[in-house]
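Q: I want to learn to read a fold from its model. Can we start with strand pairing?

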Amino acid sequence: MRKLVNRFKKLKNERGLTLVELLAVIVILAIVAIIAFVLIGNVIENSRADAHISNAQQLISAAKLYDAQGGEFNATTGQVTHAELKSAGLIGDLIDPWGEDGNYGQGAYVTKTVTDGEVSYTVTLNAPNGKSEYNITDASEEDLAGGRDTLFP
């Protein structure tokens with residue numbers, strides 16, 4: 001019985017967290033949460049930009065196939081649109097990386113240029129839903145390979 005009484009006395013003398021200590025822990029957790037939220041937001045936006053660049057690379061690849069199969073580029077502008085590549089069965093729908101069911105519409109085309117027998121392709125892909133900071137204009141394959149840091153400084 002005496003052991004039990006001694007045990008209760010020891011528990012009575014122990015202290016819990018003070019209000020100041022509890023508030024300090026809450027503030028530290030809030031700071032960590034804010035930093036994590038910002039970093040996760042940046043990762044998501046970067047992955048969307050990367051998906052947009054992948055769409056542009058797919059357009060160039062489809063245009064090369066179209067050219068290899070004898071497809072006709074516009075005689076005046078040297079361009080082929082996403083719609084033409086899609087109707088030829090070389091590419092599917094380009095999915096809006098921002099998930100707003102946007103449509104690339106007329107802002108998606110590849111331009112073929114022949115200079116001294118060298119063929120080069122550039123792509124123009126305007127971002128849907130007013131994301132104009134992510135418009136890709138006359139970007140070559142090398143530009144696209146540079147990634148978002150090169151295209152969207």
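A: Start with the term. Two strands pair if DSSP finds at least two bridges between them. Keep in mind that this model is predicted. Here is a case: Val-114 has Val-119 in S3 as its bridge partner.

Q: How many bridges join S2 to S3, and do they run parallel or antiparallel?
A: Eight bridges join S2 to S3, and the two strands run antiparallel. They form a hairpin with two residues between them. Look at Asp-116 in that turn: its phi is positive, about 50°.

Q: Which strand does S1 pair with?
A: Strand S1, residues 79–81, is joined to S2 by three bridges. This pair also runs antiparallel. Thr-81 has Tyr-109 in S2 as its bridge partner.

Q: What should I expect of side chains along a strand?
A: In a regular strand, side chains alternate between the two faces of the sheet.

Q: Now zoom out. In what order do the elements run from the N terminus?
A: The order is α-α-β-α-β-β-β-α-α. That makes five helices and four strands.

Q: How do I read the contacts of the whole chain?
A: Take contacts between residues at least 6 apart in sequence, then ask what share joins residues at least 24 apart. Here that share is 54%.

Q: Which residues of the largest nonpolar core touch the most other members?
A: A nonpolar core is a set of buried nonpolar residues joined through side-chain atoms. The largest one has 25 residues, and Leu-59, Leu-85, Val-123, Ile-136 and Leu-144 touch the most other members. H2, S2 (108–115), S3 (118–125) and S4 (136–140) each supply at least two of its residues. H2 gives the largest share, eight residues.

Q: What does Ile-136 touch, beyond residues up to four places away in sequence?
A: Its contacts include His-52, Ile-53 and Ala-56. Val-123, Thr-124 and Leu-125 are also among them, as are Leu-144, Leu-151 and Phe-152.

Technical notes: Residues numbered from 1 in each chain as written. Predicted model: local features only at pLDDT ≥ 70, side-chain atom pairs only at ≥ 80, totals over all residues. Heavy atoms only, no water. Contact = heavy atoms within 4.5 Å. Core = buried A, V, L, I, M, F, W, Y, C linked by side-chain atoms within 4.5 Å. Buried < 20%, exposed > 50% of the residue type's maximum accessible area, 1.4 Å probe, protein only.
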